[in-house]
Structure formats: C-alpha cells, structure tokens
Amino acid sequence: SIKKEREIFSRYYDEELGQLLTKQRYIVDHIEEAMAEGYIKVYYQPLVRALTKEICGFEALVRWADPHYGFLSPAEFIPVLEEYHLIHRLDLYVLEKICQDYQKTKEEGGSLVPVSLNLSRMDFELCDVFRELEERMTKYQVPREMLTLEITESVLNKSQLLISSQIKRFHEAGYKVWMDDFGSGYSSLNILKDFDFDLLKIDMLLLREFNEKSKKIVSSIVDMAKKIGIRTLAEGVETEEQLEFLREIGCEKLQGYYIGKPAPYLESIMQCREKGFPFEAAWKRRYNDD
Ligand code: C2E
Ligand code: MG
Ligand code: MG
Ligand code: MG
C-alpha cells in the first residue's frame, strides 16, 4: 500500500540523513584531534611549466585518513568545517605543515619551489588571514614569494570588498594570489575586473570532454588572460594529448594526474623524477616574473 511504501521510504530517508548528520558531527568533534594526532596530512601535487615540463611549484592538498571513518574526502569535510566556522583552524594547520616542509627541504639542501595554499572565503571572516600568515611565515623564515594563495572563484562575489582589499595587502607583502577553479562559477568575468589576480587556474571540468568546442573555450580563456596580463594554469591534465594542446595554445602551467598525483612531499618528487619531470633549476632567476 501507499502508506506502507511511505513508511519504508521515510525510514530509509531518515537513516541516510541520520548517517550524514552523524558524519558531520564526527567531523566537527574530531577535527582538532585529527590534526593533533596526525590523521590529517598535507599532500603535494606538482605544477609544471608547459614549455619545459619542469616542476615550478606544488599545490598543498589536505588528506584525512581517520582511524574510525577511513578516508574522508576534502569535498565532504571542507564544507562542514566552513559551516561550523572551523575551516581557518584547518587552513592554518596546512600552512604550518607547508612551512615545516619548506624548512626541512631547505636544511637538506633540496630544491625549493613555491607552494600553493587553498583558502576559503570563510577564512577571511573567521580570522585576520594576513596577520596569521605573516606570523607563521616569519616564524619559519619562509620568503613570501614561496607561498601562493588560491582563492576559489565561486565564493568571491559574496565578500567582494573584504577579499579584494586583502589581496592588495598580500601582493604588497610579496605573496602571489591565484584564482582557483576559473570557469566553474557564474560571474567569472566580473571577478577578473574587480580583483587583482596573478594567475587563473582553469577549472578541470572545461577540459574533461576535450572536444572541439571545449578546446575553443579553453584557448579563448588563455588568449583573454594574456590580453589582460594574467597568467594561466590548466587543472586536471590527464593525457599527453591534453598536455600538447595546452602547450600549443600557450597555457603556461599544467597540473594533473598525467604529471603527478597528490602525494607526500618526497613521494611526489620521486614520482615526477620517474616520469621525467625535473625540477626547474633556480626558478626565480630564470622566471623573475613568476
Ligand atoms: P582544488 O583546489 O581545485 O584542487 C584540485 C583538486 O583536483 C584536488 O582534489 C586534486 O586532487 C584534484 N585533481 C588534480 N589533478 C587531477 C586530475 O588530473 N584529474 C582529476 N580527476 N582530479 C585531479 P582534492 O584534493 O580532492 O581537493 C578538492 C578540493 O578541496 C580542492 O579543489 C580545494 O578546493 C579543496 N581543498 C583541498 N585542500 C584544501 C585545504 O587545505 N584548504 C581548503 N580550504 N580547501 C582545500
Ligand atoms: Mg586549489
Ligand atoms: Mg582548483
Ligand atoms: Mg577544482
């Protein structure tokens, strides 16, 4: 009967919703412990220069391997941490790890390239991002040009003034600021006009299908960025064919599984070496304009 069906439906529905809420609660209750116990780790994904295939940076991506839940995806815990006003705790933890890895690499005489940190819009509302960053960069003696800040396009129009004034401050202090996921939101062009970014990270969805139409869209974005003096990086490069195309249209930097998957710092470097992507020698001297 319909009544019975409804009962069954609502039971399943509640179960699913219940599980989701339990997981959310778990995330909120365990984030501090997960950071303290090292269940949360920072992985590094290489960025290469399209022309030379040399590593010119890394993006720091957070990973949570929980003893109870197993692997939790950033796509599920980041929105929860934003909602519960805890995201700045995580992002500053990630920064701390980046600084520690930088210091270690420097001591060991390893190659140093800039690392990208993802920031959420909420970070700017929850803390004085500039001051928190400066504090850690000073503590670990990391040159500001070694940290790049990625801010997602889709969240920008909500706190325009706050963020655009902060971007100015970051630039003045020597940080690079990139727009993440360009092309995934709905007012990209307005944002380009109002914010001062060094580089556009072209969202991987635009290249996913890789047909004539999507290729034209991507090459138009690269042309437009050139005209307004902004650099470009394509995300989600998975094939040699995509790499060749992006190189041809003049996209400057590339990131994706074809080059390397996110991995712990040393593993990530090994992975690139095996695949034939060497470190860019003295990136700063050769590309002063990075
Ligand atoms: P994002 O900043 O756009 O990062 C790129 C995402 O694409 C990463 O997913 C990366 O693993 C994935 N990716 C890279 N290359 C490829 C590829 O060739 N193919 C495919 N299919 N995927 C690729 P991930 O690590 O799951 O992160 C998802 C999102 O979570 C990130 O998107 C970022 O917005 C957010 N996120 C990750 N770490 C942090 C963090 O520390 N703080 C904040 N606030 N957000 C973070
Ligand atoms: Mg990013
Ligand atoms: Mg992105
Ligand atoms: Mg993305």
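Modeller: Beyond its neighbours within four places in sequence, Leu162 is in contact with Phe124 and Glu125. This is a predicted model, and that contact comes from the predicted coordinates. Leu162 sits in helix H6, which runs over residues 160-173. Glu125 is 37 residues away from Leu162 in sequence, yet their C-alpha atoms are 8.6 Å apart in space.

Which residues of H9 are buried? They are Ser214, Lys215, Val218, Ser219, Ile221, Val222 and Ala225. Around the helix axis they cover an arc of only 150°, so they lie on the same side of H9. The spacing fits a general rule. An α-helix has 3.6 residues a turn, so residues three or four places apart point the same way. The face of H9 turned away from this buried side carries exposed residues: Glu212, Lys213, Lys216 and Lys227.

What lies over the buried residues? The cover includes strands S6 (176-182), S7 (199-202) and S8 (231-234). It also includes helices H8 (205-208) and H10 (240-248).

Lys215 deserves a stop. It lies in H9 and is one of the buried residues there. Leaving out residues up to four places away in sequence, Lys215 touches Phe210 and Phe245.

Phe210 belongs to the loop between H8 and H9. Phe210 is itself buried, because its relative accessible area is 14%. Its backbone stands out too: phi is positive, about 55°, although Phe210 is not a glycine. At the other end, H9 is followed by Gly229, whose phi is also positive, near 75°.

Strand S6, part of the cover, holds another such case. Asp181 is found in S6. Asp181 has a positive phi of about 55°, and it is not a glycine. Asp181 counts as buried because its relative accessibility is 18%.

Next, the ligand. Ligand 1 is surrounded by 23 residues. The closest are Arg63, Asp91, Asp180, Glu238 and Tyr257. An oxygen atom of ligand 1 is 2.8 Å from a polar backbone atom of Tyr257. A nitrogen atom of the ligand is 3.1 Å from an N or O atom in the side chain of Ser120. A nitrogen atom of the ligand is also 3.3 Å from a polar backbone atom of Val62.

Last, the cysteines. How many disulfides does a search of the whole structure find? It finds zero. Take Cys56. The closest cysteine sulfur to its own is in Cys272, 11 Å away, which is too far for a bond. Cys251 has its closest cysteine sulfur in Cys56, at 11 Å, again too far for a bond. The cut-off is 2.5 Å between sulfur atoms. Cys56 is buried, at 3% relative accessibility, and Cys251 is buried at 3% as well.

Notes: Residues are numbered from 1 along each chain as its sequence is written. Chains are lettered from A and ligands numbered from 1 in the order in which they are written. This is a predicted model: local features need pLDDT of at least 70, side-chain atom pairs count only at pLDDT 80 or more; totals for chains, interfaces and linings use all residues. Side-chain values use heavy atoms; hydrogens and water are left out. Buried means under 20% relative accessible area, exposed over 50%, partly exposed in between (1.4 Å probe, protein chains only). Helices (H or I, at least four residues) and strands (E, at least two) are DSSP runs, numbered from the N terminus. The arc is that of the directions from the helix axis to the C-beta atoms. Contact means heavy atoms within 4.5 Å. A residue is near a molecule or strand if one of its heavy atoms lies within 4 Å of it. A polar contact is a pair of N or O atoms within 3.5 Å; within protein, one must be able to donate a hydrogen and the other to accept it, and residues adjacent in sequence count only if both atoms are side-chain atoms.
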